[in-house]
Amino acid sequence: MTASQTAEITGLYRYPIKGLTPEALPRVPLRRGETLPADRRYAIENGPSGFDPEAPSWKPKIQFLMLARNERLASLNSRFEDATNRLTIRKDGQIVASGDLETAAGRAAIESYFTENFQPELKGPPKVLSGRDHSFSDVARKVVSIINLDSVRAIETMLGGTAVHPLRFRANLYVKGWPAWSELGLVGQTLAIGQARLNVVKRIVRCPATNVNPDTAARDLEIPPTLSRNLGHMDCGIYAEVIEGGEIGVGDAVAVEEPKLV
């Protein structure tokens, strides 16, 4: 990809609770070294993980309820309110649980729902976890995930024309305008979005969570094996770290910054 090729942000999402509903955002401030505000701020522990909220450290996603193994999570519709820290969960349009995640009573209300309804999948008592500004990311660093929609279209072709919902990939930024798979070559390069700058640090290796249809909660595709058969790897999307802050939003251009001459 040449530095002159720009993309456009078509979708911007955060995931306040790991494994639960994505929330669309029109614009969002990025801060150096941070995720999108409240992205993966909470997780639901599936059995004792050893996570210490007073000294938060990264834990593998297998320690939490997650779509890779718990596809029924996709049948829930959740909404998090920043002002009140309240999570409300709906199923089939009806509120099934609600609580302030910064209070013991609120967390207990959410935990009770999962105790009663996810018993076959539980390895121990479910527990809502938070660690102040900790992010329950799949990787042990604070990142912004980016998906190239042309790469998603290429996967549809690999699948014989089957539609692939982009939210299967649970990215923060969805962009259009880059050739399919060109984003995988951006590791080590800097992206400019307005005043913000992001350093691309890693390709994203896809897991079985992408097999889950976000609309139906059915595990109806085999995306990682499809990538492996066609490309020899299971990568789709990139992780980037914010190195200069700034506000970004839907419709903004994403440019590959020219390297500075020394």
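This is a short chat about selected side chains in a predicted model.

Student: What are the ground rules here?
Tutor: The model is predicted, so local features need pLDDT of at least 70 and side-chain atom pairs count only at pLDDT 80 or more, while totals for chains, interfaces and linings use all residues. Residues are numbered from 1 along each chain as its sequence is written, and side-chain values use heavy atoms, with hydrogens and water left out.

Student: Is arginine 170 buried or exposed?
Tutor: Arginine 170 is buried (under 20% relative accessible area, with exposed over 50% and partly exposed in between; 1.4 Å probe, protein chains only).

Student: And which side chain of opposite charge is nearest to arginine 170?
Tutor: Aspartate 138, at 7.6 Å, and arginine 170 has no salt bridge (a side-chain nitrogen of Lys or Arg within 4 Å of a carboxyl oxygen of Asp or Glu). For charge, Lys and Arg count as positive, Asp and Glu as negative; His and the chain ends are not counted.

Student: What does the side chain of arginine 170 reach, then?
Tutor: The backbone oxygen of leucine 20, at 2.6 Å.

Student: New topic. How many aromatic pairs are there?
Tutor: Six, where rings of Phe, Tyr and Trp (its six-membered ring) pair if their centres lie within 6.5 Å; planes under 30 degrees apart are stacked, over 60 edge-to-face, the rest tilted. One of them, tyrosine 13 with tyrosine 174, is edge-to-face because the planes are at 90°, with centres 5.7 Å apart.

Student: How is the pair of phenylalanine 51 and phenylalanine 136 arranged?
Tutor: That pair is tilted, at 5.1 Å centre to centre and 50° between the planes. Ring pairs also link Phe51, Phe64 and Phe136 into a cluster.

Methods: A polar contact is a pair of N or O atoms within 3.5 Å; within protein, one must be able to donate a hydrogen and the other to accept it, and residues adjacent in sequence count only if both atoms are side-chain atoms.
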